[in-house]
Amino acid sequence: MQEAHTDQVADLPAETNLTDRFLAVAAAQPHAPAYAVRNGAGGWVDVSYASFLGQVRDAAKGLIALGVEPKSMVGIMAPTSYEWAVIDQAIWFAGAVSVPVYETSSPLQVQHILADSGTRLCFTAADRHGNVVQQAAERGGFEVSLLPLDHAGMAELTRAGQDVTDEALEAARSTNTMADVASMVYTSGTTGKPKGARITHGNFAIGAVNILPFAEGIVGGGEQRTLMFLPLAHVLAHAVQYICLVGGIQIAHSSDLKTLTPDLASFHPTWLLAVPRVFEKLDAGAAAAARDGGSARIFAAARATAIAYSEALDAAARGEGPGPGRVLRARHAVFDRLVYPKIRTILGGSARYTVSGASTLNPELAHFFRGAGLGMQEGYGLTETTAPATLNIPGHTRIGSVGLPVPGNTVRIADDQEILIRGPIVFDGYHGQPEATADCFDDEGFFKTGDIGHLDPDGFLYVTGRKKEIIVTAGGKNVYPTPLEETIRSSGVVSQVVVVGDGRPFVGALVTLDPDGLAQWAADRGIPVPSLSDASDDPEVRAEVQAIVDHANEFVSQAESVRKFVILDTELTEDSGHLTPSLKLQRNTVMADYAAVIEDLYRR
């Protein structure tokens, strides 16, 4: 049985809660910038710790005036924003529990979350969010009070709390301890109905004080700032926002992908948190820009050089080589003057590192960006581990792995290769589901992640796939779909891919096309852009996808290779119900909705 552990760096008094850590930082540096908000002229205005704390206190008093009591559940259904950050802390200052809800959730999903958690007060940022919550309440036969999460709504909340005393606020704030629930975070529901994971004050706070020194090479050293654009309803973004707050790292928010590029250019983050799909889009976009500018060959050479350079660094770290050779270093230096700065500029020009999480990152992409001067630090975690459980850190990075255990945590590989985790970041259980809670822990208190993987001799964790997603062909061959899907999806023309073949004679795949990638593909050939429907039957498009599949097949055995595929005439999206808000594949839903297509694939 494999096991890796990193010693805990720090602990916090059990009788305190996560707001105490924030107060300590705010007292130590009241005038330091905690957040930044847009100034309306394309720039940003700093929000000091003292100012942010004042707004949090005012909002918390407003909540108390409205009847929010310790342990009350308060929902937040809104895009990532500064107001989200304020009300999140205000809920905790009022002694209550935050219940994040993805802004893209359907009325049926919201009904389940509100009913299961007992949430009867919810902040929404737009009329459409309020309409969804009201529909959910009507379906469920309960009432929910709505409050607007915008500047006017926050001002109204402040006025409501004017008569609440500081003593009453402090009594509410200090009610909870590290063992109490801070946030009820609902799982993405990729394998069934979402469950409410009880994330405690200790999960957030103790996790933060341990990961900050561990990740100092990424987030430490001088003035640090990051632009948060992932949904704060996702536990990864939620946890990282708290880590930044207590770590003295300034945060700005961007909720609209249409403004993300100018936001990066104006804020100049020193590091970024993103999901693999963002890096896939950046890679495809950079390649398309090179083609448009007539420098496709130069970009291809620069990309290959970056990958080779990064791979040589990795080999040296494993003791398997001397590192980049003289010729490779010289070639890399040339491209570092001509090409790589343009890639770094896309992320604002100041970012030294990017942290990738929520799903698996294709190693080739990681090598490319690292070779281009952007450290790619992949991590791993789940809702139930308050997200970051392992992380690659500068000086200790193995591309293809998800890093070393975060301090205080132990990673163990069970006999059936399931990844098990134990430590202060592991959640308190599922709300109202004692049997499900008991089932997800082993006899020694390790959380059973449901993921398959292994540890290398140095303690780096490698994730192979989901235990429930292993495909067993009719010939008895075990196939992990994730690596194949990553490689195929990393091409610019493919948007999503679902590998199939359980109980079948061979492995097949469902493929969807990326509209932007398809448009670029057509432009390169000087032909009109086909619709997704027309492209799904186009012989040239099929030949392009076949070449991508053939490339992916080079990395697996013949029994594991994709023999046949079908190109769907539509996209798999969050709106269609086939992706989660964090862009994870809803595999069961896809398999059910396209059962006839899969049958036809094997009949042919």
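Q: What makes the contact between D451 and R466 a salt bridge?

A: In this predicted model, the side chains of D451 and R466 come to 2.9 Å, N to O. The cut-off is 4 Å between a side-chain nitrogen of Lys or Arg and a carboxyl oxygen of Asp or Glu, so the pair qualifies as a salt bridge. The two residues are 15 apart in the chain, D451 in strand β19 (residues 447-455) and R466 in strand β20 (residues 461-466).

Q: Why is D451 called buried?

A: The relative accessible area of D451 is 6%. Buried means under 20%, and therefore D451 is classed as buried.

Q: Why is R466 called partly exposed?

A: R466 has a relative accessible area of 25%. That value lies between the limits of 20% and 50%, so R466 counts as partly exposed.

Q: How do you know that E599 and R504 form a salt bridge?

A: Their side chains meet at 2.5 Å, N to O, and the definition asks for a distance within 4 Å, so the pair is counted. With a relative accessible area of 34%, E599 is partly exposed.

Q: How many salt bridges does the structure hold, and which residues are linked in a network?

A: The structure holds 22 salt bridges. E3, R412 and E444 are linked in a network of them.

Q: What makes β1 and β17 paired strands?

A: Four bridges join β1 and strand β17 (residues 410-413) in the antiparallel sense. At least two bridges are needed, so β1 and β17 count as a pair. In this pairing, A4 stands opposite V411 in β17.

Q: Why are β1 and β20 called edge strands?

A: The open sheet has five strands in the order β1-β17-β18-β19-β20, with antiparallel pairing. β1 (2-5) and β20 each have a single partner strand, so one side of each is left without a neighbour in the sheet. Neighbouring strands of this sheet are turned by 40° against each other on average, direction ignored.

Definitions and conventions
Residues are numbered from 1 along each chain as its sequence is written. This is a predicted model: local features need pLDDT of at least 70, side-chain atom pairs count only at pLDDT 80 or more; totals for chains, interfaces and linings use all residues. Side-chain values use heavy atoms; hydrogens and water are left out. Buried means under 20% relative accessible area, exposed over 50%, partly exposed in between (1.4 Å probe, protein chains only). Axes are lines fitted to C-alpha atoms, for helices over the stretch in contact, and angles run from 0 to 180 degrees between N-to-C directions.
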